[in-house]
Amino acid sequence: MNTSVSQKAFEEAQSLIPGGVDSPVRAFKSVGGTPIFITEGKGAYLKDVDGNEYVDYVQSWGPLLFGHRDETIEAAVIEAVKHGLSFGAPTLSETELAKLVVNFFDSIDKVRFVSSGTEAVMSAIRMARGFTGRDDIVKFTGCYHGHSDALLVEAGSGAATFGNPSSPGVPADFTKHTLLAEYNNIESVKKCFADSDNIACVIIEPIAGNMGLVPADKEFLHELRAVCDAHGTLLIFDEVMSGFRATVNGAESLVGVVPDIVTLGKVIGGGMPVGAFGARAEIMNVLSPDGPVYQAGTLSGNPVAMAAGYAALTKLKQNARVIAVLNERANRLVNGMKDAAAKYGIAMQVDTRGSMFGFFFNENEVKNFKDATTSDAVLFAKFHAGMLDEGYYFACSQYETGFISTAVTDVMIEDTIAASERIFKAITNG
Ligand SMILES: *Cc1c(COP(=O)(O)O)cnc(C)c1O
C-alpha cells in the first residue's frame, strides 16, 4: 500500500502543528507508523490522500454510530446551516435534544450542553464540588475523563501511550485533591474514604474504554454506590464514550446502579462537537444562572451541532435494537480474531459492550489498568501495521476501544477476520 502522500502531508503538518496532530493519539506514536491523512469517509469506509480505502473501526473515536455521511444526519446539518451557524441565544434545538437525553436516562432530569467531553466532565466535577461543599475527588487509574488539570492523573489511553501519566504544566497543587483508586477494586476505594472525609464525588467510566475496553464488574459498581451513599458523596458515571454505544439507556440500565451525575459526549453530537452533563434537578439547579456554580460557553448548544445530535439520537431511538445487532457483529469480530490468533499460538483477551469492542494480546484476564499494561505492545504494533496495510483502520493504541458502525456489514467482519489470520500468520512466520 502506497502512503507517500500521507507521509509528505505529515512532514509538513509537523512543521506547523506540534507532532503534526491536534490530538496526540492520532499520531501513531505507539505503533511507530505514519498517520494516514483522510480526505473523506462514506459509510464504513475511510479514504486517504493516497486514494487508499479502509474499513473504519475507529469512527472518529466513537461518535459515528451510523458511519460516515449518514444521510439523515447530513441532511439535518445542512438544513441547520441554512438558518445560521450560531446565535449565542436560546434555540428550540437545545430543548429538543435535552428532551431526548432526559428520556434516555432515568438518572437525568436536566442536562446542560457543552462542546466537548472534557468540558462536560470538568463542569460536572465543579457542580459536584459546589453541591456537596467538598473539595476532594476520587478517580480510577486508567480511566480518562478529558484533559482538564485535576483529571490528568494516571489517565489511560493517550496519556498512557505516551508515558505521561500526569502532565508537566499541571501544578501539583491542582491535583492534590484528586485521589486515585484501582478499577474493580472496592478496597482501594474504601482506602480513599479512610484517607479523606472531604470527598465530593467519585468519577468512573462504568464501561472503561480508555485502557482498552475494561467494563466494571456489576458487583463492584453496586459496592461503589453503597460506599458513596454512606459518605454523602456523589457518583459520576462518565459515559462520554459508552453513552449510546454500549446501550441506549446508559450503563445504569445494564448494571442497575443509578449515578448522581452522567457525563456524555461523542455519539451525542453525531460527529459534531457536543458534550453534556446531566443529573437530577436538585443537583443541576446549583448551576448558574439558577444557582451559584458558574459554567458557560459561547458556542454551547450550537444549533448546527444540536441538529446533528438530534438526528443521531432520534435515529437511535427509532431503532434501539440496532445496538444488539452491532453487538452480535462486535462479538463475531473479536471472537473470530481470537480464534485466528489461537491458530498461531497467540493469546487474546476479548470483550464487547454494544457496538464497542476491545482486545488485548494477553494470556490473562484484564480487570484494571495494571493488567492492561501487561499486554504485548510490540505484537499490537505489528498487528496494527499489518491490518492497516490490508485496508482495516484500527485504533493506533492497545489502550483504545474499537467501534462498529451500522455501516459495517457481516461480510466486512468476515473479511476482517480473514485478514487478521493472514497477519497473525505473517507475524509468527507460521
Ligand atoms: C473522549 C472522552 C472524554 C473527553 O472527551 P473530549 O470530547 O475528547 O474532550 C472524557 N471521558 C471519556 C470517558 C472519554 O472517552
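The structure is a predicted model, in which local features need pLDDT of at least 70 and side-chain atom pairs count only at pLDDT 80 or more, whereas totals for chains, interfaces and linings use all residues. Residues are numbered from 1 along each chain as its sequence is written, and side-chain values use heavy atoms, with hydrogens and water left out. E182 is placed in the loop between β6 (178–181) and α7 (186–195); helices (H or I, at least four residues) and strands (E, at least two) are DSSP runs numbered from the N terminus. Between the C-alpha atoms of E182 and C143, which are 39 residues apart along the chain, the separation is 9.7 Å.

C143 also takes part in the surroundings of K139, since its backbone oxygen is reached by the side chain of K139 at 3.0 Å, a polar contact being a pair of N or O atoms within 3.5 Å (within protein, one must be able to donate a hydrogen and the other to accept it, and residues adjacent in sequence count only if both atoms are side-chain atoms). A polar atom of the K139 side chain also lies 2.7 Å from the backbone oxygen of V153. K139 belongs to strand β5 (residues 136–140) and, with a relative accessibility of 0%, counts as buried.

The side chain of D260 makes a polar contact of 2.8 Å with that of R225 and a polar contact of 2.8 Å with that of R280.

The protein as a whole contains 15 helices and 16 strands. Of its 430 residues, 54% count as buried. The C-alpha trace spans about 60 × 55 × 45 Å along its principal axes.

An open sheet of mixed pairing is formed by four strands in the order β1-β2-β3-β15, where two strands pair if DSSP finds at least two bridges between them. Its edge strands, β1 (38–42) and β15 (392–393), each pair on one side only. Strands β1 and β2 (residues 45–48) run antiparallel and are joined by four bridges, with E40 opposite K47 in β2.

The ligand is surrounded by residues that include S116, T118, Y144, H145, E205 and D238, a residue being near if one of its heavy atoms lies within 4 Å. The shell divides into three nonpolar, six polar and three charged residues. Ligand oxygen atoms lie 2.8 Å from a polar backbone atom of G117, 3.1 Å from a side-chain N or O atom of N210 and 2.6 Å from a polar side-chain atom of K266. Taken alone, the ligand exposes 380 Å², of which the protein buries 83%, with areas from the Shrake-Rupley method and a 1.4 Å probe.

Technical notes:
Ala, Val, Leu, Ile, Met, Phe, Trp, Tyr, Cys and Pro count as nonpolar, Asp, Glu, Lys and Arg as charged, and the others, Gly among them, as polar. Buried means under 20% relative accessible area, exposed over 50%, partly exposed in between (1.4 Å probe, protein chains only).
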